[in-house]
Amino acid sequence: MVYYNPSEHLKTQVSWEIDRSDLVNKATLEVQIKPLVQEAYKLDLHQIKQQLEQHPWVQQAQVKRLFWDAIEIHITTHKIAAHWENIACDKSTKLKKCQGYVTNQGILITPENLSFQPNAQTNESLVLFKSNNNPEQGVALLKDYKIYQEILGDMKILSLVRSNIDQLIIKPNMTVVLGYKNQQQRLKNFVKIYQQLRRKISLKKLHKTTYDMRYPKGFTLKH
């Protein structure tokens, strides 16, 4: 006697298209949706989409039915805007979530594996954000970074540090202390001061200087 199990012949065929397999691999996603694709006649495409988008690197999942027993999944991963470091961590810290990335949407992602190179998306190195480990911090950091960079024009921000004050590292190695208020105006003041000083002082000295812009009627320089 031959026993027939219809579920053996009703398994779903899944084809994948993932834009960056270094961020998320097919095997991981297959495990994630395995309970949802066991039986082809019970497929819920919306539920599969929701489950896939739970993965931290998945920005969008498009799930399309090809046949009654076959689906196609297209994965779009997040684009990376900046590296991120937790200012509460140091070499002796054993806490998790000490490093990560901020996406173009300001989402803070702290993956276990940091071995990939997100700056392969562009020909430029990524800016570094340093702040506390607050998931909501990413949006504000990215917004302010863009404003600061626009004010600076051709001068490139290498790092934005946010503790109780804002501080910038500007290429090649200038530190600009902006404080906790009126940061945009203080940065504009820095640009004016820098343009004046570069006529009088060598760039070599200027580029190794800390500019403290928190003074209401001036600034200080520290070499």
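Reply: The terms are taken in turn below, each set against its definition.

Reply: This is a predicted model, in which local features need pLDDT of at least 70, side-chain atom pairs count only at pLDDT 80 or more, and totals for chains, interfaces and linings use all residues. Residues are numbered from 1 along each chain as its sequence is written, and side-chain values use heavy atoms, with hydrogens and water left out.

Me: How many helices and strands are there in the protein chain?
Reply: The protein chain has 5 helices and 12 strands. Helices (H or I, at least four residues) and strands (E, at least two) are DSSP runs, numbered from the N terminus.

Me: What makes the link of Cys 89 and Cys 98 a disulfide?
Reply: A disulfide is a pair of cysteine sulfur atoms within 2.5 Å. The sulfur atoms of Cys 89 and Cys 98 are 2.0 Å apart, and the two residues form a disulfide. A search of the whole structure finds 1 disulfide. The angle about the S-S bond is -80°, and the link is left-handed.

Me: Why is Cys 89 called buried?
Reply: Buried means under 20% relative accessible area, exposed means over 50%, and partly exposed is in between (1.4 Å probe, protein chains only). Cys 89 has 18% relative accessibility, so Cys 89 counts as buried. Cys 98 is also at 18%, so Cys 98 is buried. In the protein chain, buried residues make up 40% of the 223 residues.

Me: How do you know that Ser 131 is buried?
Reply: Its relative accessible area is 0%, so Ser 131 is buried. Ser 131 lies in strand β7 (residues 127-131).

Me: What is Ser 131 in contact with, leaving aside its neighbours within four places in sequence?
Reply: Contact means heavy atoms within 4.5 Å. On that basis the partners of Ser 131 include Trp 84, Glu 85, Asn 86 and Ile 87, and also Arg 162. Ala 88 is 43 residues from Ser 131 along the chain, and their C-alpha atoms are separated by 8.0 Å.

Me: Why is Thr 103 called buried?
Reply: Thr 103 has a relative accessible area of 0%, so Thr 103 is buried. Thr 103 is found in strand β5 (residues 99-103). Leaving aside neighbours within four places in sequence, Thr 103 is in contact with residues including His 78, Ile 80, Ile 109 and Leu 142.

Me: Why is α3 called roughly parallel to α4?
Reply: The axes of α3 (residues 137-152) and α4 (residues 183-197) come within 9 Å and cross at roughly 25°. That angle makes α3 roughly parallel to α4. Axes are lines fitted to C-alpha atoms, for helices over the stretch in contact, and angles run from 0 to 180 degrees between N-to-C directions. Angles under 35 degrees count as roughly parallel, over 145 as roughly antiparallel, 65 to 115 as roughly perpendicular and the rest as oblique.

Me: Which residues make the contact of α3 with α4?
Reply: Ile 147, Tyr 148, Ile 151 and Leu 152 of α3 meet Gln 183, Gln 184, Leu 187, Lys 188, Phe 190 and Val 191 of α4.

Me: What makes α1 and α2 oblique to each other?
Reply: The axes of α1 (residues 26-33) and α2 (residues 45-52) come within 10 Å and cross at roughly 130°. The two helices are therefore oblique to each other. In α1, Leu 29, Gln 32 and Ile 33 meet Ile 48, Gln 51 and Leu 52 in α2.
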